[in-house]
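Dear colleague,

I am handing over the structure below, and after it you will find my notes on what was found. Please read them with the structure open beside you.

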Amino acid sequence: MIELKNVTKVYDGNVTGVDNLNLRIEDGEFVFIVGESGSGKSTLLKLLMRELTPNEGEIIIDGKDITKLRRKKVAELRRKMGIVFQDYRLLPKRTVYDNVAFALQVIEISPRKIKKSVPAALNLVGLSHKAKSMPNEISGGEQQRTAIARAIVNNPSLVLADEPTGNLDPRNSEEVMEVLEAINMRGTTVVVATHDKDIVNEMQKRVVHLEHGVVVRDSEGDYDDYED
Ligand code: ADP
Ligand code: MG
């Protein structure tokens with residue numbers, strides 16, 4: 001369970017990232033964070049991954065206030081999370097397989113476990129047949145699915161994706177969202193920041209709408225659904 005209580009993040013120059021934000025996300029939910037550019041979506045995700053700490057408020061993940069974690073515990077926290085970026089961030093000189101394996105090698109998982117986990121993750125994102133390809137030999141959608149395989153290969157309980165379809169055409173976007181949905185179906189909490197209305201309307205999930213760092217709507221279904 002994730003809970004943000006009265007969370008405020010102000011950047012240098014007095015720019016508001018999020019403003020007295022309250023939000024609760026249950027285990028196993030699929031949540032879109034939507035809003036115009038500059039509304040605070042990335043700030044919210046960076047607070048959850050503890051890339052930023054707030055000026056005020058508490059961020060509770062699995063019962064602990066992560067704003068107070070020591071550095072060693074931050075590494076532990078990040079192991080519970082799979083993170084997906086708009087620009088994939090793959091290693092260009094490594095194969096699809098090695099990109100996914102690398103995530104496990106850096107945290108010293110045994111070669112035996114790696115040999116089991118990587119094919120399973122590639123299978124889940126539908127890329128078993130591209131395991132030996134280099135990133136520049138596959139489509140943007142396939143690159144993003146490789147990045148998702150890397151994010152989930154260590155079985156995180158939470159996946160955070162910031163504009164994962166931002167560089168993709170509608171067809172590839174749909175495939176990426178289907179993969180995220182499949183991951184969610186297995187019980188993983190998925191939080192996706194996006195301003196892509198078509199994707200949000202297609203998926204019909206919980207939609208948390210930010211404006212100027214404040215939650216202005218929180219409803220199920222379409223991007224623009226609200227009751228007033
Ligand atoms: P979104 O992801 O919805 O586009 P952001 O969370 O990136 O929004 O940004 C929210 C606000 O915070 C914007 O006004 C943005 O310009 C500002 N901001 C984001 N990052 C920084 C930063 N590192 N320094 C100063 N201001 C920032
Ligand atoms: Mg952003």
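This is a predicted model: local features need pLDDT of at least 70, side-chain atom pairs count only at pLDDT 80 or more; totals for chains, interfaces and linings use all residues.

The structure holds 1 aromatic pair (rings of Phe, Tyr and Trp, the last by its six-membered ring, pair if their centres lie within 6.5 Å; planes under 30 degrees apart count as stacked, over 60 as edge-to-face and the rest as tilted).

Residues are numbered from 1 along each chain as its sequence is written, chains are lettered from A and ligands numbered from 1 in the order in which they are written, and side-chain values use heavy atoms, leaving out hydrogens and water.

K205 lies over the face of F30, at 5.2 Å from the ring centre, and the charged end of R89 sits over the ring of F85, 3.8 Å from its centre (NZ of Lys or CZ of Arg within 6 Å of the ring centre and within 35 degrees of the ring normal).

Most residues other than glycine have a negative phi. N155, however, has a positive phi of about 55° and counts as exposed at 57% relative accessibility, whereas E163, with a positive phi near 50°, counts as buried at 12%.

Best regards

Terms used: Buried means under 20% relative accessible area, exposed over 50%, partly exposed in between (1.4 Å probe, protein chains only).
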